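Me: Please take a close look at the side-chain contacts in this model. I want the charged contacts, then the aromatic ones.

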Amino acid sequence: MAEGTIKRLTDKGFGFIDAGSSKDLFFHSSSVEGGSFDDLREGQKVSFNEARGEKGPCAENVQVQRDN
């Protein structure tokens, strides 16, 4: 799984992840696993699978990274 940081969240149920590339990855609330979209915060570290959506690259299986 790839890792990144939540850069922006919207009140419309989607957000963007900074994965270190030139373009941020879109993700939809339905792609969040192990928690709720409403529990996400900007700046959180997440892991995800990069996929190809209708409008380009996106993130799926988004999971908040837990501190050990």
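Reply: A salt bridge here is a side-chain nitrogen of Lys or Arg within 4 Å of a carboxyl oxygen of Asp or Glu. The whole structure holds 1 salt bridge. The side chains of Asp24 and Lys7 form it, at 3.2 Å from N to O. This pair links distant parts of the chain, 17 residues apart. Asp24 sits in the loop between β2 (14-18) and β3 (25-28), and Lys7 in strand β1 (residues 2-9). Strands are DSSP runs of E, at least two residues, numbered from the N terminus.

The model is predicted: local features need pLDDT of at least 70, side-chain atom pairs count only at pLDDT 80 or more, and totals for chains, interfaces and linings use all residues. Residues are numbered from 1 along each chain as its sequence is written, and side-chain values use heavy atoms, with hydrogens and water left out.

Now accessibility. Buried means under 20% relative accessible area, exposed over 50%, partly exposed in between (1.4 Å probe, protein chains only). Asp24 is partly exposed at 26%. Lys7 is partly exposed at 49%.

Next, the rings. Rings of Phe, Tyr and Trp (its six-membered ring) pair if their centres lie within 6.5 Å; planes under 30 degrees apart are stacked, over 60 edge-to-face, the rest tilted. The whole structure has 4 aromatic pairs. Phe14 and Phe16 are edge-to-face, because their planes stand at 85 degrees, with centres 6.0 Å apart. Phe14 is partly exposed at 23%. Phe27 and Phe37 make a tilted pair, 6.1 Å centre to centre and 55 degrees between planes. Phe27 lies in strand β3, and Phe37 in the loop between β3 and β4 (45-53), 10 residues apart. Phe27 is buried at 0%. Phe37 is buried at 13%. Ring pairs also join Phe14, Phe16 and Phe26 into a cluster.

Notes
Helices (H or I, at least four residues) and strands (E, at least two) are DSSP runs, numbered from the N terminus.
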